[in-house]
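Here is a short note to read beside the structure. The points are numbered so that each can be checked in turn.

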Amino acid sequence: MPRIGFLVAIAVIAAACASPPAGTAAAPFQGMVVDPPQPKPDFVLTDTTGRRFDFRADTDGRLTLLYFGYTYCPDICPVQLAQIAAVLDQLPDVRRNTTVVFVTVDPERDTPEVIRSFLDKFDTDFIGLTGTASQIAAAQQAAGLPVATKIGDGPDYTMGHSGQVLAYTPGGLMYTEYPFGTRQTQWASDLPKLLER
Amino acid sequence: MNLWCASTDQPWTWQWIAYPGVWLTVLIPVVAYLRAVARSQEPTDRRTRLAFLAGMAVFWIASDWPVGTLGAGYLAWVHMSQYVLYVLVAAPLLLRGIPDWMAARILDRLRLRGVARKLGHNLLISGLVFNLVLVVTHAPFTVDALRSTQLGSFAMDMTWLISGLVLWLPIVGPLLEHRSRSVPARMVYLFAAAGVVAILPASFLTFAKFPLYSTYELAPRIGAITAIEDQQLAGVMMKLGMVPVVWGTLAVMFFRWMGSERAGVS
């Protein structure tokens, strides 16, 4: 009898190990799935060359990764951008059809030159956008994100901001978003699939 | 309170961090050793004492800020350097620095004399234990799970040091009864145990397309080194870090053996 119990226990453990956790088996993406998919936001800001950048129109038909951050960010922003740059380096076909857009949430310190110099450390093709505080707040709201807030006083203040990267497919919809902690393998798995949507 | 280095989401700064747990782990054995040597009527020569103190110094450098902090949470290549320091530098120095009477007393008190004798003579078991620890403690799951807590990180560092002691016991064990008698067998053992198997995990690190350890992949970056470059460097460190010590030891063993053979013949 104890032997049967032991065998049943082994079978239960084996079954538990064999079946993937609920919600992951059928999920086509490794990022956080957005259900229902959200449309690409409509906002206009200024890029680092001083030109007007219409987010929806200027990224039309391309896989677009949108990230709101700031160049003085001590932790999340550099890692997120480095992760994207590293994965795109490994996926040249995806890279050709992808636009990465970084919008500063700290226009006070992030001048176009500062943004450009910051982004060039990761990828010279990354697009940097800035605008007035109200324009940037409106862009965040249009993307469905909370507006970033200033934390602390003095020159070393930080910004409390959402850390996820929003991914818009060439079809103009966001099926997934990628919080801080997304691994390069997860990005590499999802980006080619998103490109086909 | 920081007792032992563990990974953190804080950006790296060169601001010193105190790790009292590391200090105690170094100080307690050093004080106990020096007291035992001073009180004992058995002689302990200067070279032996220096070897022990140098081993503890290397252990301290590898565990404390900045090496310990960088290795635990920021850079995979520093993490790998720690491994090399524990296993290939600290462990043989410590074994070389423990006089035979002290080793006998410690092992008897811990009831490990029989185990040590088996490990010292059965080179296959020593090699397997060492390489099992090497493979398990470099698996991404293990590194990510253990490096995230101080206790886990401490356990990993101690496991490395102990695996180093196991590796070197048949070669520089303090008790003659622990050392394998055949010099060629010891040379083959050292080459196979420390020089061959490590190539496998090192190759995974060097040639992987994406970073394997989330600890180092998602760590705040230091300088211009990317996560994948850091990992490749760690692989190189694992492969080449062992070369000077292993090959240096093999050379010394070979020439000493040749010398003793010649002396025996003449």
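1. What pattern does chain B follow when read along the sequence? The pattern is α-α-α-α-α-α-α-α-α-α-α-α-α. In other words, chain B has 13 helices and 0 strands. Helices (H or I, at least four residues) and strands (E, at least two) are DSSP runs, numbered from the N terminus.

2. Some ground rules come next. This is a predicted model, in which local features need pLDDT of at least 70 and side-chain atom pairs count only at pLDDT 80 or more, while totals for chains, interfaces and linings use all residues. Residues are numbered from 1 along each chain as its sequence is written, and chains are lettered from A and ligands numbered from 1 in the order in which they are written.

3. The overall dimensions of chain B come first. Its C-alpha trace spans about 60 × 40 × 30 Å along the principal axes. The radius of gyration of chain B is 19 Å, which agrees with a compact globule, because 266 residues packed that way would give a value near 18 Å. The radius is taken over C-alpha atoms, and the globule rule is 2.2 Å times the number of residues to the power 0.38.

4. Buried residues make up 41% of the 266 residues in chain B and 37% of the 197 residues in chain A. A residue is buried if 20 or more other C-beta atoms lie within 10 Å of its own, exposed if 12 or fewer, and partly exposed in between; the C-beta atoms are placed from the backbone.

5. Chain A has 7 helices and 10 strands. Its open sheet of 8 strands has mixed pairing and the order 1-10-9-4-5-6-2-3. Two strands pair if DSSP finds at least two bridges between them. Strand 1 (32–39) and strand 3 (52–54) of chain A are the edge strands, each pairing on one side only. On average, neighbouring strands of this sheet are turned by 35° against each other, direction ignored.

6. What joins it to strand 4 of chain A? Strand 4 (residues 63–69) and strand 9 (residues 165–168) of chain A run antiparallel and are joined by 3 bridges. A:Thr64 has A:Tyr168 as its bridge partner, and A:Leu66 has A:Leu166. Strand 9 of chain A is also joined to strand 10 of chain A, by 4 bridges, and these two run antiparallel as well. Here A:Val165 stands opposite A:Tyr178. The two strands form a hairpin with 4 residues between them, and A:Gly172 in the turn has a positive phi of about 90°. A:Val165 and A:Ala167 point one way from strand 9 of chain A, A:Leu166 and A:Tyr168 point the other way, and all are buried.

7. Helix 7 (residues 184–195) of chain A lies across strand 4, strand 9 and strand 10 (173–178) of chain A, and runs at about 175° to strand 10. Axes are lines fitted to C-alpha atoms, for helices over the stretch in contact, and angles run from 0 to 180 degrees between N-to-C directions. Two residues are in contact if their C-beta atoms, placed from the backbone, lie within 7 Å.

8. Where do the chains meet? 13 residues of chain B are in contact with 12 residues of chain A. Helix 12 (214–217) and helix 13 (227–265) of chain B each supply at least two residues of the side of chain B that touches chain A.

9. B:Val78 is found in helix 4 (residues 76–97) of chain B. B:Val78 counts as buried because 24 other C-beta atoms lie within 10 Å. Leaving aside neighbours within four places in sequence, B:Val78 is in contact with B:Val67, B:Leu70 and B:Gly71. B:Val78 and B:Ala234 are 156 residues apart in sequence, yet 7.3 Å apart in space, C-alpha to C-alpha.

10. The largest nonpolar core has 107 residues, of which A:Val101, A:Phe102, B:Tyr86, B:Ala90 and B:Ala91 touch the most other members. A nonpolar core is a set of buried Ala, Val, Leu, Ile, Met, Phe, Trp, Tyr and Cys residues joined through C-beta atoms within 7 Å. Helix 4 of chain B gives the largest share of this core, 16 residues. A second, separate core of 7 residues includes B:Trp4, B:Tyr19, B:Ala72 and B:Phe154.
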